[in-house]
Structures are given as structure tokens and as C-alpha cells.
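Biologist: I have a model on screen and want to learn how to read it. Can we go through the sheets, then the ligand?

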Amino acid sequence: MTVLRGMRSGTRLATPQRDDGTAERTEPYGDIKQRVQRRLLAELSPSVETNNIPEVRRALEQIFNETIAEEQIPLTRTERANLFEDIVASILGFGPLEPLLQDDSITEILVNGYDQVFIERSGILEETDLRFRDSAEVLRIIDRIVSPIGRRVDESSPMVDARLPDGSRVNVIIPPLSLVGPCISIRKFPKTALTMDDMVRLDTLSQDAATFLKACVEARLNIVISGGTSTGKTTFLNILSGYIPGHERIITIEDAAELQLHQRHVVRLESRPANIEGKGQVPIRQLVINALRMRPDRIVVGEVRGAEALDMLQAMNTGHDGSMTTAHANTTRDALRRVETMVLMAGMDLPLRAVREQISSAFDMVLQLERLTDGTRKVTTISEVQGMEGDTVVMQDIFRFAQTGVREGKVEGFFTATGVRPRFSEKIEAAGIILPANTYLPTGKGAKH
Ligand SMILES: Nc1ncnc2c1ncn2[C@@H]1O[C@H](COP(=O)(O)OP(=O)(O)OP(=O)(O)O)[C@@H](O)[C@H]1O
Ligand SMILES: [Mg+2]
């Protein structure tokens, strides 16, 4: 990564407190860099194809050498090389973000205006001492992120979702909507997707629960993965979808395609936001309706947020078993309430009881993910949706994480079955899957999981 050599000064991660921005920047030869960079940008011929990195590099190098010679800037050979790489990185790459993007231990990058950058590592947010020169530099990088997808970010369209070439998900929002300057939120695309074995190793769930979930997918249960933001819903959906047998036709529907399924027979659909004139939007709901005409065996919807919930329910209730989705909610019961609200908002004027009946017969299981105070992510509850009793949907917990305390900032606890045998265990058996006899027995405190 020679391009990054000059950027090391920007990657130091320290100073938890934010300084007031008046302190001198310690970046080496910052002033020369600015002058040279301005000149490079001014002189770089617009005819140079900016996607052709080697060509741009050559053009930049030439102008750079001329500038250094003309201005008689005294630099050692190393300084000169570092300065050049530094400039190339901020013109060509994603500038100061580049080293953060290269660092695989970082999972999220959050830019809140030019002078504040946070990252997430091992589930914990920390502030970096990385700064952009000014808002214009952030905007330039934003431009580089969104232009490949034919988008522009400006006052008239100040919010955009995009993706980096490696698949990382990006959201951009700029003033006047953002009051702290241009903001970039990047969810890094994991180079190697987490597997269920990783999840068990990371103590996200017990091996018993993992084996049970695999059986649930194979037995074609309809599953909702619930959790707050960044709790690992998409990652989990990806892992569970991986258990869908290879002979089935899978249709995935997402806002920004993140799922990476390895089966041969997968059709991936992605919704489309409205263009600058406000036209051409294709929402998730329309894709769900369309997917039903594509002879799916399974429909996997990245996240239900709105009216598509109704269509998903109808799909699940009309023979598309084994479908899966995620929802933003804090408990498994809350997830069903959220779906209920979404359905009511679909504007079909359905009576509440009818909606609840649809929900209780569509979903078999809801799984809750949480990010705990120590940054670890856990499957905290796995609940069965049993049916209706009067006007309420009856749920029963099958597995849960029992927290026993917190020691030195680390959450302690254990996973256990609740002792309840789910009604759908019959479906699992009918699918010819035999789970260990003690699957549903509580392990008790201190037991190995
Ligand atoms: N069990 C886990 N242990 C550790 N890290 C995890 C785990 N699950 C997911 N992650 C990481 O957490 C981050 C968020 O994961 P993911 O995108 O799946 O969350 P999400 O709930 O779908 O977020 P959003 O609400 O933004 O869609 C990713 O960087 C992912 O690699
Ligand atoms: Mg997600």
C-alpha cells in the first residue's frame, strides 16, 4: 500500500477528548502540501480519465515535480516521496479515510464534519485524532464516493446512500440538513463474512442455540431477526440464509445489497431510491410483490421497515415458508408490535385483530440481538410465536442469555434453554431433523455452553 505511506500521521488514534479545533495541526509540511495540492488540482487536465489511476498518477507526478522545482521547496528524498503519496491519496483515494478503510479491525467509520471522526472497533466507538483540512475536503471525498453510482450530493439533494467499490455501505448527509458539516457514515464490508462458528466463538450464542437455528432454517420456519442499529442483524440473516438448502430458489430483496449467499440459485434484488427529479423510485414493497411472481422457494428481505411487512406476511401465509427478514426493535415482542404498526400503516384498513392473526400465523420465531455494554453482540432471546389467545399474540422464550453481572467492564452470564419445548419442534422433526435430546433443557448457571 505505497499510496498510504505518507498517511501514517493521520492514523494515530488517541485523544478521547475533542480539541477545540484551534490547535495547530501537527501534520508535517501541511502548508506545502496545500499549496502543491491546489496547484495540482488546478493544473490537472480535465481530459485525464480520473478512473485510470496510473494515468492520473503519472500526470500528478509530473506537475508535482515541476511545482517542487519551480518553488524551490527544500525537501529530502523521503519527504518528497511521502508528500507525493500523501497528496495522491487525498486526491485519488478516499483521502484521510483511506487508512481507516484499509484497517480490517475497524468496522465503522463515522465522520461528523471535517474535524471529528469516530471509528468502531470490537463493538466500541472511539474518537480518532484524524481531521480533514476543511469541509471542502470532506465534500470532495463524498463526491468521489457517490459519483460512480451517478449521484450528486448538493444542497438540493443533501442525503445519499451509496456503496464503496468493496461493498461497504455509506450514508452521506450534508448541510443544511446536517448542522455539524458534511457527515459520512461507513459500515465496512467484512472481508470475510462471519460464520456461525465465529458467532459461537465470539460468544454471541451457544452451540446448542446455533444447532437449533440451523434446524429451524432447514425446517422452513419463518424467522424475524430483531435488534437495534448495528447489533448484527444483517450478519445474522446472512448466516441463517446460508443454511437454506442448495436446491431451493432464493430471492433476496435489500435496500443496499449486503447479503453474500453462496448457493448457486440466488436472485438478488435491490430497491432504488428516487432520482434527483424525485422519479423512478422502486421500494422494497414493490420488489416483494414482484418476487412472488418469480417462483421463489424462499424470500429473504434485508429489513422490513414499512408497507412491505404486509406483503411479507401474505407471502408467508400463502405457502412461501422459510422466509426471513430483520426488523429494528428492542425485544422479540416489540418486533411483532413494530411489524403490526408497519402493516397498519400500509393503508389497507385491516382490523387490528386480523393483523395480529396474520402475524401470529406467519412468523414462527423471533430472535433478538443486542450489543451489550462491553461491545459484544449477543443473541439475547429466541422466542416462538405460538398463536393467538384472545386478542394477543402469544410468545414463548425458548433460549435466552442470562446476564449475571459485569466484571471489569466485561458482561458475564450464560446461555440457557428455558425448558420450553417449542410447538414447532414437530415441524423440525417432520423435516427429518433430530436435535440432541437435551436441546430444550436449561443448562443452569455456570454450565458450559
Ligand atoms: N456477533 C458478532 N460479533 C461481533 N461483531 C459482529 C457480530 N455480528 C455482526 N458484527 C459486526 O457488527 C457490525 C454490524 O453488523 P450488521 O451490519 O450485521 O448490523 P445490523 O444490525 O444489520 O446494522 P444496521 O441496523 O445498521 O443494518 C459489522 O461490522 C459486523 O461485522
Ligand atoms: Mg443491517
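**Reading the sheets and the ligand shell**

Modeller: Start with one strand pair. Strand β1 (residues 106-112) pairs with β2 in the antiparallel sense, over 5 bridges. Keep in mind that this is a predicted model.

Biologist: What holds such strands to each other in general, and which residue stands opposite L110 in β2?

Modeller: Strands of a sheet pair through backbone hydrogen bonds, and they run parallel or antiparallel. Here, L110 stands opposite F118 in β2. F118 also has a bridge partner in β3, namely E127.

Biologist: How many bridges join β2 to β3?

Modeller: Strand β2 (residues 117-121) is joined to β3 by 4 bridges, and the two run antiparallel. Another position to look at is R121, which stands opposite I124 in β3.

Biologist: What should I look for in the hairpins?

Modeller: Check the residue count between the strands, then the phi angles. The hairpin of β1 and β2 has 4 residues between the strands, and G113 takes a positive phi near 85°. The hairpin of β2 and β3 has 2 residues between the strands. There, S122 takes a positive phi near 45°.

Biologist: What is the strand order of the open sheet of 6 strands?

Modeller: Read across the sheet: β3-β2-β1-β6-β5-β4, with antiparallel pairing. β3 (124-127) and β4 (159-163) are the edge strands; each has a single partner strand, so one side of each lacks a neighbour in the sheet. From one strand to the next, the twist averages 15°.

Biologist: And the open sheet of 9 strands: what is its order?

Modeller: Its order is β9-β8-β10-β11-β7-β12-β13-β14-β15, and the pairing is mixed. Apply the edge rule again. β9 (266-270) and β15 (410-417) stand at the edges with a single partner strand each, so one side of each has no neighbour in the sheet. Neighbouring strands of this sheet are turned by 25° against each other on average, ignoring direction.

Biologist: Over how many bridges do β13 and β14 pair?

Modeller: Strand β13 (residues 377-389) and strand β14 (residues 392-407) pair over 8 bridges, in the antiparallel sense. For one facing pair, take E384, which stands opposite Q396 in β14.

Biologist: Now the ligand. Which residues come nearest to ligand 1?

Modeller: List the neighbours before judging contacts. Of the 16 residues around ligand 1, R187, T204, K233, T234 and T235 come nearest. The shell divides into 3 nonpolar, 9 polar and 4 charged residues.

Biologist: Which parts of the fold supply that shell?

Modeller: Helix α8 (residues 233-241) gives the most, with 3 residues. Domain 1 (2-187) and domain 2 (196-430) each provide at least three residues of the shell.

Biologist: Which polar atoms reach the ligand's oxygen atoms?

Modeller: R187 has a polar side-chain atom 2.7 Å from an oxygen atom of ligand 1. For R377, a polar side-chain atom lies 3.2 Å from an oxygen atom of ligand 1. T231 uses a backbone N or O atom, which lies 3.1 Å from an oxygen atom of the ligand.

Biologist: How much of ligand 1 does the protein bury?

Modeller: Take the ligand alone, then with its cover. Alone, ligand 1 exposes 630 Å², and the protein buries 89% of that.

Technical notes:
Residues are numbered from 1 along each chain as its sequence is written. Chains are lettered from A and ligands numbered from 1 in the order in which they are written. This is a predicted model: local features need pLDDT of at least 70, side-chain atom pairs count only at pLDDT 80 or more; totals for chains, interfaces and linings use all residues. Side-chain values use heavy atoms; hydrogens and water are left out. A residue is near a molecule or strand if one of its heavy atoms lies within 4 Å of it. A polar contact is a pair of N or O atoms within 3.5 Å; within protein, one must be able to donate a hydrogen and the other to accept it, and residues adjacent in sequence count only if both atoms are side-chain atoms. Accessible areas come from the Shrake-Rupley method with a 1.4 Å probe; for residues, only the protein chains shown count as cover. Ala, Val, Leu, Ile, Met, Phe, Trp, Tyr, Cys and Pro count as nonpolar, Asp, Glu, Lys and Arg as charged, and the others, Gly among them, as polar. Domain bounds come from an automatic or database domain assignment. Two strands pair if DSSP finds at least two bridges between them. Axes are lines fitted to C-alpha atoms, for helices over the stretch in contact, and angles run from 0 to 180 degrees between N-to-C directions.
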